[in-house]
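Dear colleague,

Here is the structure for your files. My notes on salt bridges and the chain contact follow it.

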Protein chains: 2
Amino acid sequence: MDMNKPCKSEIEYGNFADRLNKLIDEKKNPSVVGLDPAIENLPSSIIEKYKLSGKSDTSCRPLSDASDRPIENIFHAAAEAVFEFNKNIIDATCDIVPAVKLQIAYYEELGAEGITSFKETASYAKSKGIIVIGDVKRNDIGNTCKAYSNAYIGRPDIFGKKIPLFDLDAVTINSYLGHEGVAPFIDDCAQYGKGIFILVKTSNPGSEEFQGLTTEKGKNYFVMGQLVAEWGKALTGKSKYSSVGAVVGATYPEEAAILRQNMKETLFLVPGYGAQGGTADDIMECFNSDGLGALINSSRGIIFAYKKYKDEKNYSKYAREESLIMKDNISKALIKKGIYRW
Amino acid sequence: MDMNKPCKSEIEYGNFADRLNKLIDEKKNPSVVGLDPAIENLPSSIIEKYKLSGKSDTSCRPLSDASDRPIENIFHAAAEAVFEFNKNIIDATCDIVPAVKLQIAYYEELGAEGITSFKETASYAKSKGIIVIGDVKRNDIGNTCKAYSNAYIGRPDIFGKKIPLFDLDAVTINSYLGHEGVAPFIDDCAQYGKGIFILVKTSNPGSEEFQGLTTEKGKNYFVMGQLVAEWGKALTGKSKYSSVGAVVGATYPEEAAILRQNMKETLFLVPGYGAQGGTADDIMECFNSDGLGALINSSRGIIFAYKKYKDEKNYSKYAREESLIMKDNISKALIKKGIYRW
C-alpha cells in the first residue's frame with residue numbers, strides 16, 4: 001500500500017449521478033467514508049498535539065508547533081486537529097472509495113473555524129478526485145432555500161459576482177416543507193452538475209413514529225419517496241440514474257425493498273451500516289439488479305476503527321483496513337445475490 | 001426617539017418560555033424582527049462602503065476603511081457589511097421588540113466569515129437584552145444531533161472543556177426524523193434555560209403536499225403538533241407555556257386554529273406575516289385567550305422597508321417605523337378580538 005500515491009481520478013463535469021456511477025465502477029466499490037470527526041473521539045495522538053496549554057479560551061498556544069497558522073483560540077485548535085485527522089483518513093482511503101460524506105454538525109460545533117475546516121476538508125478530498133457529499137440536511141423555502149443551495153452546491157452572489165463557496169458535489173436535504181424547499185437545489189444541480197439526497201426513510205428506531213404513518217397515498221416515507229422520484233425525472237443521466245437521490249437507512253431492509261421497486265432511477269444514500277447495526281445483507285435491497293443504485297455510508301465504523309485495536313497512533317491504517325473489509329463484504333453480498341457487476 | 005439609548009432588559013435566567021413571555025409583556029409586543037440580511041438586498045449605502053475595489057477574490061481591500069479588522073477577502077467584506085446592517089437594525093428596534101430571529105442561511109452563504117458575523121450579531125442582540133432565536137432548522141439523530149445542539153444552545157466539549165459557542169436563546173428544528181432528533185435539544189433546553197421551535201405547519205403554499213396528508217392519527221401537521229405538545233410537557237414554565245414551541249405559518253389561519261385548540265401550552269413562532277401575505281387578522285388564531293402564545297415574525301417587511309420609500313440611506317429609520325406599525329396592527333387586531341392584555 002502506498003498511501004502517498006495520488007489517487008485523483010479524472011472526473012468529467014456533467015450529470016452528478018453519471019459522475020458518481022463512473023467512480024463507483026472504477027473503484028468497484030459503492031461505499032462512502034463518513035467524515036464525522038467528533039472531537040471527543042479523535043485519537044489521543046492528535047488531541048495531545050493540539051490540546052492547549054493556556055488557561056484562557058480566547059488566546060492560547062498549542063503544545064506543539066502543529067500548524068503553520070497561528071492558533072487563535074481553542075476552537076481553532078480543535079478545527080486544526082479535525083483537519084489533520086480528516087486529511088490522514090482521506091489519504092488512507094481515497095484509492096478505495098468513490099466518495100466521502102462530511103457530517104457538518106461536527107464542524108459547526110467548532111464555530112467559524114470549524115467551517116473553515118469543513119471547507120478545507122472538502123477541497124482536499126476533491127483534490128484527490130473523490131466525490132464530496134455534504135450531510136447538511138438543510139431545509140427552508142424560497143430565497144432562504146436558495147441561499148443554502150448557493151452556499152453548498154451553487155454560487156453565492158456577492159456584490160454582483162457569483163463565487164463558488166463550498167462547491168460540494170452533493171448535499172442531503174430534508175423536504176418536510178414541500179417543493180419550495182427543493183426547487184432551488186434542483187436548479188443548481190442542473191446548472192452545475194451537482195446532486196441532492198432527500199431524506200426518505202432514516203436509520204433511527206424512532207423514524208417509524210412519523211415516517212411510518214399511513215396516509216391516503218401510502219406511508220409517509222413512501223409518499224416522500226414518490227415525490228423524490230418525480231422531482232428527479234428532469235435530472236436523469238446517461239447511466240439511467242437521477243441526480244436527485246434519496247436517503248434510505250440500512251436498518252430498514254423491508255422498507256428499502258418497497259422503495260427500490262418504486263424508485264428505479266433513484267440513487268439511495270444509505271446510512272446505518274456498521275456502527276448503527278446494518279449489515280451487508282441488510283443493504284442488498286437498496287441495489288438494483290444492475291448492481292448500482294446504492295451508496296453505502298459508514299462513519300464511526302471506519303474512521304474510529306482504531307478503538308477496536310486500542311492503537312491510537314495507527315488510526316489511518318485501521319481506517320484503510322476497515323474500508324477494505326467493508327468493500328469486500330458488500331462485494332460478497334452482491335455476488336451471493338447473483339449480481340456480478342465488477 | 002433615542003436610538004442610542006441602551007435598551008437592555010433585565011433577563012432572569014430560567015425557563016425560556018417564561019423569559020420570552022416576560023419580555024413580550026414588558027414591550028407589550030409579541031413580534032420579532034427577522035434578520036435575514038440577504039446580501040443582494042442590503043442598502044446601496046452599505047454595499048458601496050464594503051464593495052471591493054480589487055480584481056482578486058482572495059486578496060482585496062475595501063473602498064473605505066470601514067472595519068478595524070483587515071478585510072481578507074470578498075466574503076469577509078460581505079460579512080462585515082451584514083454585521084453593520086444588523087447592528088443598525090438592532091439599535092433601531094431593540095426597544096420595540098422582545099426578540100430577533102436570525103436566518104442562518106444568509107450567513108452560511110458567506111462561509112466562515114458569515115458564521116463570525118452570525119455569532120457577532122447574536123452577541124450584539126443579547127447585549128441589548130433581547131431574545132435571540134436562530135432559525136437554523138437543524139435535524140439529525142444521536143451524537144450528530146447533540147453536536148448541533150451543543151453549537152447553538154448548549155456547550156461544545158472541546159478537549160474536555162464545555163465552552164459556549166453561539167449560545168442562542170432558542171433555535172428552530174425539523175423533526176421529520178423522530179424523537180432522536182429532538183431529545184438532545186430538549187436536554188440542553190432543560191440544562192441551560194433554552195427553547196426550541198419545531199416545524200409543524202410552514203407558511204409556503206407547497207406545505208400542503210406533505211404536511212396536509214391525512215394519516216390514521218390526523219393530518220401530518222396535526223400529528224407533528226401533537227408530538228410537539230407531548231415533548232414539551234416536561235418544560236412548562238410558570239407562565240404556563242413550554243420551552244418546546246412550534247412553527248406555524250401565518251398563511252394558514254384555519255390550521256392554526258385547530259393547532260391552537262389542541263396545543264394550549266405551546267408557543268407558536270409564526271412566519272409569513274407581511275411580505276409573505278399573512279395579515280394581523282390571519283395571525284389571531286395563533287394566540288390563546290390570555291393574549292400570549294404567539295410570536296410573530298416579519299423579516300423583509302421590516303429590515304428592507306426602505307425599498308418602499310426609495311431611501312436607502314435611512315433604512316434603519318424605516319425599519320423602526322415599520323416595526324412600530326406592526327406592533328400597532330397586532331395590538332388593534334387583538335383588541336378587535338376582545339383581548340386586552342396590555
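Glu108(A) and Arg138(B) join their side chains in a salt bridge, 2.9 Å from N to O; the term means a side-chain nitrogen of Lys or Arg within 4 Å of a carboxyl oxygen of Asp or Glu. Four salt bridges are found across the interface of chain B and chain A, and 40 in the structure over all chains.

This is a predicted model, in which local features need pLDDT of at least 70 and side-chain atom pairs count only at pLDDT 80 or more, while totals for chains, interfaces and linings use all residues. Residues are numbered from 1 along each chain as its sequence is written, chains are lettered from A and ligands numbered from 1 in the order in which they are written, and side-chain values use heavy atoms, with hydrogens and water left out.

The interface

Chain B and chain A each put 76 residues into the contact (heavy atoms within 4.5 Å). About 6100 Å² is buried between the two chains, 60% of it on carbon and sulfur atoms; buried area is the accessible area (1.4 Å probe) that two parts lose on being put together, summed over both. Of the area that chain B buries against chain A, 15% comes from Phe159(B), Tyr176(B) and Phe210(B), more than from any other three residues.

Salt bridges within chain B

Asp95(B) pairs with Arg320(B) in a salt bridge, with the closest N and O atoms 2.8 Å apart. The two are 225 residues apart: Asp95(B) is in the loop between α3 (74-93) and β2 (99-103), Arg320(B) in helix α13 (residues 315-336). Helices (H or I, at least four residues) and strands (E, at least two) are DSSP runs, numbered from the N terminus. Asp95(B) is partly exposed at 27% relative accessible area, whereas Arg320(B) is buried at 10%. Buried means under 20% relative accessible area, exposed over 50%, and partly exposed in between (1.4 Å probe, protein chains only).

In the salt bridge of Asp135(B) with Lys101(B), the closest N and O atoms are 2.6 Å apart. Asp135(B) belongs to strand β3 (residues 131-138) and Lys101(B) to strand β2, so this pair ties together parts 34 residues apart in sequence. Both Asp135(B) and Lys101(B) are buried.

Lys146(B) and Asp188(B) also form a salt bridge, at 3.3 Å between the closest N and O atoms. Lys146(B) sits in helix α6 (residues 142-152) and Asp188(B) in helix α7 (residues 183-192), so parts 42 residues apart in sequence are tied together.

Regards
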